[in-house]
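Hi,

Here is the structure we discussed. Please look it over, then read my notes below.

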Amino acid sequence: MWPFALAVDLQRGGLEPCNNIIERHLSDMRGMYIDEAATEQAIAQGDPLLYEVNQYDVPFETGQLLVVTTVIQPGRVGDEYYMTKGHFHEQIDRAEVYVGLQGQGYLLLETTGGEFEALPVKPGTLTYIPPYWAHRMVNVGREEFIFFGVYPADAGHNYGDIEKRGFVKVLVERDGRPTLLLNPRHEMR
Ligand code: F6R
Ligand code: ZN
């Protein structure tokens, strides 16, 4: 394979060239927000775009790296901020790096053993996601929250475990501030 360069739009999050763009609407995340009535109402009222992922695909082989930007819109479902679905890597021992580019967010992380961490992310914050940690980004600001990521191309994504249980904690707005609460659904599923 030949080396290459691409342009990262640090303000808006685009990659040029880009060969894999994924859009996630609220209807792609049914059951992931606590407030199911608010979820269904927002879907009925136009099914908002929550985030867009721009990835430059190279062969999904051991040794290769994937580069990716994600743009999460500002907003909430009920009290809960817009966020990514979140996942473990299918090859659970694969790590990842995220770098905040624009806006204000949090990285939520947890292990299958119940360990949990929440790291604030602003432009210039580099977060290191070690092997075995599930990860989700949350936009707690009033602007788009944009971050860059790089991860092993053979990592794959396991969404199922997070879809079933969610994370241990959720980020909601209380008195105008982002607040971590225990996820009432975590043990129920
Ligand atoms: C790749 C990775 C990110 C996310 C992206 C969207 O391993 O962590 O590129 O895939 O931020 O989040 P998900 O995949 O959770 O919908
Ligand atoms: Zn990942």
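The model is predicted, and the zinc ion (ligand 2) has four protein residues as donors: His87 (NE2), His89 (NE2), Glu96 (OE) and His135 (NE2), at 2.1 to 2.3 Å. Donors here are N, O and S atoms within 2.8 Å of the metal (3.2 Å for Na, K and Ca); water is not among the atoms, so sites may look incomplete. Their sequence spacing is H-x1-H-x6-E-x38-H.

Six donor atoms surround the zinc ion (ligand 2), with angles of 74 to 174°, so the arrangement is octahedral. For six donors, that term needs opposite donors over 155 degrees apart and all others between 65 and 115.

Now ligand 1. Glu96 turns up here too: a side-chain N or O atom of Glu96 is 2.9 Å from an oxygen atom of ligand 1. For Arg24 the corresponding distance is 3.2 Å. A polar side-chain atom of Tyr159 lies 2.5 Å from a ligand 1 oxygen. The protein buries 98% of the 390 Å² that ligand 1 exposes when taken alone.

On conventions: residues are numbered from 1 along each chain as its sequence is written, chains are lettered from A and ligands numbered from 1 in the order written. Local features need pLDDT of at least 70, side-chain atom pairs count only at pLDDT 80 or more, totals for chains, interfaces and linings use all residues, and side-chain values use heavy atoms, leaving out hydrogens and water.

Best wishes

Technical notes:
Tetrahedral: all angles 85-135°; square planar, octahedral: opposite > 155°, others 65-115°. Polar contact = N/O pair within 3.5 Å; in protein donor to acceptor, adjacent residues only side chain to side chain. Areas by Shrake-Rupley, 256 points an atom, 1.4 Å probe, with all protein chains shown as cover.
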